[in-house]
Amino acid sequence: MPDQIKDDVAGGALGEAPPAVRVEGLWKRFGEQIAVAGIDLTLPAGRFIGLVGPNGAGKTTTLSMVTGLLRPDQGRVEVAGHDVWRDPVEVKARIGVLPEGLRLFERLSGRELLAYTGRLRGLPGAEVDKRATQLLDVLDLAGAQHKLVVDYSTGMRKKIGLAAALLHNPDVLFLDEPFEGVDPVSAQTIRGVLERYTASGATVVFSSHVMELVESLCDWVAVMVAGRIRAQGPLAEVRGEAPSLQSAFLELVGAHGRDAGESLDWLGGAR
Amino acid sequence: MISVFVRLKLSLLRGGLRQSAGRRAAYVTSAVLTLLFAAGQLLGLVLLRGSEHAGTVVVLLTGVLALGWAVFPLFFPSGDETLDPTRLVMLPLRPGPLVRALLVSSLVGIGPLFTLCLAVGSAVALAHGAAAVVAAVVAVPLVVLVCVALARAVAAGNVRLLTSRKGRDLAVLSGLVIAVGIQFVNFGAQRLGRAGGLSALDPAGDVVRWIPPASALGAVEAAGEGAYGEAAAGLLLSAAALGLLLYAWRRSLVRLMTAPDGSTLAAASRPSRRESAASSASPGPGRLWPEGRTGTVMTRSLRYVARDPKTKAAWVTSLALGLIVPLFNALQGTGSIYFACFAAGMLGVQMYNQFGQDTSAFWMVAMTISSARDAYEELRARALALLLVTLPYVVLVTVLTAAVLGDWRTLPDALGLSFGVLGAMLGTGAVASARFPYSIPQEGAFKNVAPGQAGLAWMSILGGMVTAAVLCAPLIALMVWLHASGAGLSGRLLLLALGAAWGTLVAWAGLRLAAPRTAKRLPEIVAAVSKG
């Protein structure tokens, strides 16, 4: 029942405010390889949204195109009602991004990285330093704030990247695999910050291939397979009759019933 | 066990070559070049036979060679796969046989072959008489073994350093040592040529002949002259060195493979004194960061010059060469004050590929640029950061060159030309940064372009330099005309002012031209600088 009520609230809001992200007919090919094959997506505002799919499904390519870091071959992307490619001034001020596989300015310390990012975004210096101090505290990075980012562990890098993405208080936050390679303690910290952030009415869109995580965090999911969106909607709707998102996902991908059979019958047998 | 390791080494070589055609071509080219060079050395050494300085030359050459072997693993830590013994930790191996097997497998490769050629050539140059030949038969393998063992012992002793970030930073800086070193060798050789030949080296040779592995070749010469005691001492010295190196190598191997690596432990990291001082003493931690994009970008650029090994190496090389070339030429009396423009050119090159210098971290900048105005401010801030160092430096180099030459009269127009060149380099650099961005691989001192982007890099820098030269042509023409008409001081000062004004104008125009292109091509730039 709580799900129902939440949906109604979001549905009401949908009528007034534009969706957080609207994608129409988005295509991207690299040479012969089609990475994203004409997807349509409408992600409601104020939700915790998971973009799930196996490796190579096109999640990173999609997020890069939505955030303006990669030019699509075809298609339209709107964030909070503004076209990403025609109206970058409006869009770039409203989004925060944590990409996967791109570096940070690693020869700055954690604190310097935040000071740099905030000022580059045009925020007043005193405000940047205040926010940076709080973010470093909450993300448990205060002890390492003067260490160079190049010496950070994977979890610490994700956390400082998240801090840099949150610094200007964006409406929509895009995170590509924010929990990949992150230890459980850091993951819990990241989770706490993100939950607090969405509770304020902001939108988080994150990609992952860990279904349990998506199921426990998100109230809205989009399933991506081989460059296409297979399903999108509230979590309960996508999950349907299946006992878990994992099995619903395997069903969608068509990977159910694949068995090792007898080919590995020696494994675990008499030595 | 030895044969297993030798085969492993050969497979690794084969596997590495199979990876890409480019790598294969590079390997074959380097092998052919090295062997040609070795053949040349061999021929030269054989021709040296009978010369009275043969002993000195051979001994010094061997000394330099050994030094090279000792330094090599520090600069090229990833040069050899069998080199990293930590990969063998999980295998049940005893240190004794392991050292033997690693030593033999290390003898496979171009480097040892080159050393062997040199050692054989040296022995041929020195061996006069039966006793010397006998000594040479012992000395040649000894030289090769000591060189290889030296490299391995140094590498094993420093594996922890070499695989850490500090070590990798050090390796990147090595290019710098070599670039500047070549200049010194160059000028040193010119000096030597004038100072009256090789006899100047004899005192150095007398010392080096007692240092292993050169002592083994010194022994060959001594045996030829009948000084058998001296010969035996020389050979024994080298053999003892080999034993000592193997012992040291074995000890570090045992330590490496049995002691745990604590370098990634984080828990116990108390804030160091500097950190705690920084956090307690600073009223606002961001006090050094100015407001607005211009100051912020300048601060970041200058911090990267100090902290990023790749950027630092490029800068220090530019600064050093920009000073050495005009000044040394002036010292040798062959220079002209206009050589000082070289400094402006060397540093101006740093404006090229600005975004490639950011690596893929450029996305953080791209996310904050939403108009041509933002892009202009970004580029202008980077140019200003460059100017902050370059402007005083160019003045300093020009004045120093003038002082050495005693040519104060031409100082104003040389300075004017330098400013013009600097402005042209900044302007064309900005345009090239927007139009031809390319990735700079972060590891390795000698890889400055990602595979497949070499053409782009050449086009960017070469095209830019030609354009910069063309842009400076009016200034040069004016200068020639002023010289021809015998203008006085006022004319020269006018040229200085004109040069500064022209440089400013060209730089400004370049930034203006580059800004809208940068703003429009952000995704393309991000893609171009994220390769490799």
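Modeller: A crossing is called left-handed if the near helix is turned anticlockwise from the far one by less than a right angle, and right-handed if it is turned clockwise. The structure discussed here is a predicted model, in which local features need pLDDT of at least 70, side-chain atom pairs count only at pLDDT 80 or more, and totals for chains, interfaces and linings use all residues. Residues are numbered from 1 along each chain as its sequence is written, chains are lettered from A and ligands numbered from 1 in the order in which they are written, and side-chain values use heavy atoms, with hydrogens and water left out.

Biologist: What makes H4(A) and H13(B) parallel or antiparallel?

Modeller: Their axes come within 9 Å and cross at roughly 150°. That makes H4(A) roughly antiparallel to H13(B), because angles over 145 degrees count as roughly antiparallel (under 35 is roughly parallel, 65 to 115 roughly perpendicular, and the rest oblique). The axes are lines fitted to C-alpha atoms, for helices over the stretch in contact, and angles run from 0 to 180 degrees between N-to-C directions.

Biologist: Which hand does the crossing of H4(A) and H13(B) have, and which residues meet there?

Modeller: H4(A) passes H13(B) in a left-handed crossing. On the side of H4(A), A:Glu112, A:Tyr116, A:Arg119 and A:Leu120 meet B:Gly292, B:Arg293, B:Thr296, B:Val297, B:Arg300, B:Arg303 and B:Arg307 of H13(B). By class, this contact has 3 nonpolar, 2 polar and 6 charged residues. Here contact means heavy atoms within 4.5 Å; Ala, Val, Leu, Ile, Met, Phe, Trp, Tyr, Cys and Pro count as nonpolar, Asp, Glu, Lys and Arg as charged, and the others, Gly among them, as polar.

Biologist: How do you know what span is expected of H13 of chain B?

Modeller: The expected span of a helix is 1.5 Å times one less than its number of residues. H13(B), residues 292–307, has 16 residues and reaches 23 Å from its first C-alpha to its last, close to the 22 Å expected. Helices (H or I, at least four residues) and strands (E, at least two) are DSSP runs, numbered from the N terminus.

Biologist: Which parts of the model cover the buried residues of H13(B)?

Modeller: The cover includes H4 (110–120) of chain A together with H14 (309–331) and H18 (372–405) of chain B. Among the buried residues of H13(B) are B:Gly295, B:Met298, B:Ser301 and B:Tyr304.

Biologist: What makes the arrangement of H13(B) and H14(B) parallel or perpendicular?

Modeller: These helices pack at an angle of about 85°, with their axes 6 Å apart. The angle makes H13(B) roughly perpendicular to H14(B). Here B:Tyr304, B:Val305, B:Ala306 and B:Arg307 of H13(B) meet B:Pro309, B:Thr311, B:Lys312 and B:Trp315 of H14(B). The classes are 5 nonpolar, 1 polar and 2 charged residues.

Biologist: What is the composition, by class, of the contact of H18(B) with H19(B)?

Modeller: The axes of H18(B) and H19(B) (residues 411–435) come within 10 Å and cross at roughly 155°. That angle makes H18(B) roughly antiparallel to H19(B). The crossing is right-handed. Residues making the contact include B:Leu386, B:Leu387 and B:Val394 of H18(B) and B:Leu415, B:Phe419 and B:Leu422 of H19(B). The contact residues divide into 15 nonpolar, 3 polar and no charged.

Biologist: Why is B:Gly356 called buried?

Modeller: Its relative accessible area is 0%, and buried means under 20% (exposed is over 50%, partly exposed in between, with a 1.4 Å probe and protein chains only). B:Gly356 belongs to H16 (residues 354–357) of chain B. Leaving aside neighbours within four places in sequence, B:Gly356 is in contact with B:Tyr438, B:Ile440 and B:Val529. B:Gly356 and B:Val529 are 173 residues apart in sequence and 5.1 Å apart in space, C-alpha to C-alpha.

Biologist: Why does B:Gln350 count as buried?

Modeller: B:Gln350 has 8% relative accessibility and therefore counts as buried. B:Gln350 lies in the loop between H15 (341–348) and H16 of chain B.

Biologist: How are A:Ala80 and A:Asn169 classed, as buried, partly exposed or exposed?

Modeller: A:Ala80, at 22%, is partly exposed, whereas A:Asn169, at 53%, counts as exposed. A:Ala80 has a positive phi of about 50° although it is not a glycine, and phi of A:Asn169 is near 50°. A:Ala80 lies in the loop between E4 (74–79) and E5 (82–83) of chain A, and A:Asn169 in the loop between H6 (154–166) and E7 (172–176) of chain A.
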